[in-house]
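Please keep the viewer open as you read.

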Amino acid sequence: MRTVNLRGGFVDGAGALDLVFSGNAQLYAIVRLSLFVTLCATAIAGLVGLALGAAIGLTRFPGRGAVVVTLNGFMGLPPVVVGLLIFLALSRSGPLGNFGLLFTPAAMIIAQAVLITPIIAALTRQLIEDLWVEYAEEFAAMGVQPWSRVTTLLWDARFSLVTILLAGFGRAAAEVGAVMIVGGNIDGFTRVMTTSIALETSKGDLPLALGLGLVLICVIMAVNVGAWSLRQWAERHAG
Amino acid sequence: MPVLPCLSFASATYAAGGRTLLADISLDITPGSPTVLLGPNGAGKTTLLKLAMGLIAPAAGTVRLGSRVDGKPLRTAFMFQKPVMLRRTAAANVAFALAAAGREQTPAMIRDLLDQVGLITQANRLARKLSGGEQQRLALARALARNPDILFLDEPTASLDPAATKAVEDIIAGTAARGVKVVMATHDLGEARRLAGDVVFLAAGRLVEFAPAPAFFNQPATEAARRFLAGDLVL
Ligand SMILES: Nc1ncnc2c1ncn2[C@@H]1O[C@H](COP(=O)(O)OP(=O)(O)O)[C@@H](O)[C@H]1O
Ligand SMILES: [Mg+2]
C-alpha cells in the first residue's frame, strides 16, 4: 500500500518551491513543453475561432440558430471525450493514423486546439454580433464597405478579443484529461505540467505536485499580467 | 438663390412593427438656411430623417434627393442623436469617416476637420473618453468629413448642457452659412428659434405645418402648433 504524507506536503511547502526553482533541467523542460503546446494550440484555435466567430456573427443563413446553440454547447466539451475521439482519429487504424501523431506533442496541440476553438468562436460570435448591432446604422450612414465593416468590428473589439484568447489559453493550459490520453505523459517527450501533477499526486509526491501546481498558476497569471499591461500601454498610447 | 427642391417627399409613408410611423408626407425642402423638424417625442422626426438619408425605404410614396449642378447626386451626411464613437482616437474617427467616404486622409485634412469643431487639442484622445459635448462635436466632424451638400442632424444637442449646446449650435450655424443645407430634428423650441430658416412641424406621424420660421413662430396656422408653442403636450 502507498502511504501518502499529506501533512508533509504542506509543511514542506518551502521545500517544494526549492525543488521547483532549483534549476532542475527536467522541470524546465516540462514547463517549456507545456507553454509551447498551449501557445500553439491557442494560436491555431485563435485563428480558426476568431474567423469562425466573426463569420457566424455577421452572416444570416438557414439553420444559423442551430449552429449558434451547438457552438455554445461545444464550449463545455468534456476534455476526456475530446481526448478519446482524437485518440481514435490518430491511432494507427484511425483516419489520421498514417501521420503517426499519437503520443507526440502535435497530438496534444490538436487536442487543446479542438477543446478551445469552440470557446473562442462562441465568445467571438457574441461579441462581434453585439458590436455589429451597435455600429450597423452608423456604418450605413458613413457608407462603410462590407469588408471594411468586418475589419473595423474586429479592431474595435480588440481588447475584448484578447480577453477571449486568454480564456482559451487558460482553459488549454489547465487541461489534463485530453493531453493525457493523446500525449501519453511520456517522460521527457509529452509530459506537461498538468499530467506531471496528476502523476506525482498519484505517486504520493505531494510536495512536487504542489510545487508544479504553483508554477502552473504562476505561468497562467504571468500571461494574464502581460496581456493586461499590454492593454494599459495600448490605451495610453492609442493613436 | 435657386429654389429647386434638394429633397422631395411625395406621399411618403413608413410603417414598422404594424404601426404607421409616418403617413402621407409630401414636402419639398429647398436650399438655404436650416430646415428644422420640430415636434414632440415620438412624432416621427428621426424616422423622417432616416427616410431622407436613405437608411430606410418608404412603404409607399417616394423620397427623392436632388442633384448637383454637374448632375451627380447630392452628397449627404447624417449625425445620430447618440453617435457611436469608434474605439479609437478622435483623429482616427475622423480619418475613418474620410476613408469611408472615399476621400484622402491627409493629416492636414484631419486637422482642419477637428479644428472646425474645436477639437484640435483633443486629437489624440480616445473618442470614448471625450465628454458628451465633445463626442457630439466629433460626430459633426465625421459628418463634415463626407463634404456633404445636405447635413442631417438628429437632435444634435438633446443631452448637452447650455455651454456645450451653444458650441454645437455655433458649428451648425457656421456650416449652414458656408452653404451646406442643414436638415435637423429637435424638440427644443429655443434651438428651433435660434437656427431655423423654415420649420416642418410634425405630430403623431403627420406633417402638420411647413412654414418659414418667423411665420411659424409668430402666426402658427394650426391649433396643434399653437399648443406646442405654448408648451402644451401635443399627441
Ligand atoms: N423600428 C420601429 N418599430 C416600431 N416602432 C418604431 C420603430 N422606430 C420608431 N418607432 C416608433 O415610431 C414613433 C416615431 O419615432 P421617431 O421617428 O423616433 O420619433 P421622434 O424622433 O420624433 O421622437 C415612436 O412612437 C417610436 O416608438
Ligand atoms: Mg428622435
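Which element gives the most to the lining of the second largest pocket? That is α8(A), with three residues.

## About the model

This is a predicted model, in which local features need pLDDT of at least 70, side-chain atom pairs count only at pLDDT 80 or more, and totals for chains, interfaces and linings use all residues. Residues are numbered from 1 along each chain as its sequence is written, chains are lettered from A and ligands numbered from 1 in the order in which they are written, and side-chain values use heavy atoms, with hydrogens and water left out.

## Where the chains meet

Let's begin with the interface. In chain A, 19 residues are in contact (heavy atoms within 4.5 Å) with 22 residues of chain B. The two chains bury about 1,700 Å² between them, with 55% of it on carbon and sulfur atoms; buried area is the accessible area (1.4 Å probe) lost on putting two parts together, summed over both. On the chain A side, E138(A), A141(A) and M142(A) lose the most area to chain B, together 36% of what that side buries.

The rule finds five salt bridges across this interface, each being a side-chain nitrogen of Lys or Arg within 4 Å of a carboxyl oxygen of Asp or Glu. R87(B) and E134(A) also meet through their side chains in a salt bridge, at 3.7 Å from N to O. On the side of chain A that touches chain B, α6 (105-142) and α7 (146-156) of chain A each supply at least two residues, and α6(A) gives the most, with nine. Helices (H or I, at least four residues) and strands (E, at least two) are DSSP runs, numbered from the N terminus.

The structure holds two cavities of 30 Å³ or more. On a 1 Å grid over the protein atoms alone, a cavity is a set of points where a 1.4 Å probe fits but cannot get out, and lining residues have an atom within 4 Å of a point. Grid points are joined across faces, edges and corners, and a volume is the space filled by probe spheres set on the points.

The largest cavity holds about 100 Å³ of space. It has 16 lining residues, and S34(A), L35(A), T38(A), A173(A) and L216(A) are the closest to its centre. The largest share of this lining, four residues, comes from α3(A).

The second largest cavity has a volume of about 70 Å³. Residues of both chains line it, among them E138(A), A141(A), M142(A), F78(B), F80(B) and R142(B). E138(A), A141(A) and M142(A) are also the residues of chain A that lose the most area to chain B.

## Open pockets

A pocket is an open set of points with protein on both sides within 12 Å along at least five of seven lines. The largest pocket contains about 550 Å³ of space. Closest to its centre, out of 26 lining residues, are C6(B), P31(B), S67(B), L74(B) and D149(B). In chain B, β1 (7-16) and β4 (60-65) each supply at least two residues of this lining.

About 250 Å³ of space lies in the second largest pocket. Of its 16 lining residues, D156(A), F159(A), E235(A), R87(B) and R128(B) lie nearest the centre.
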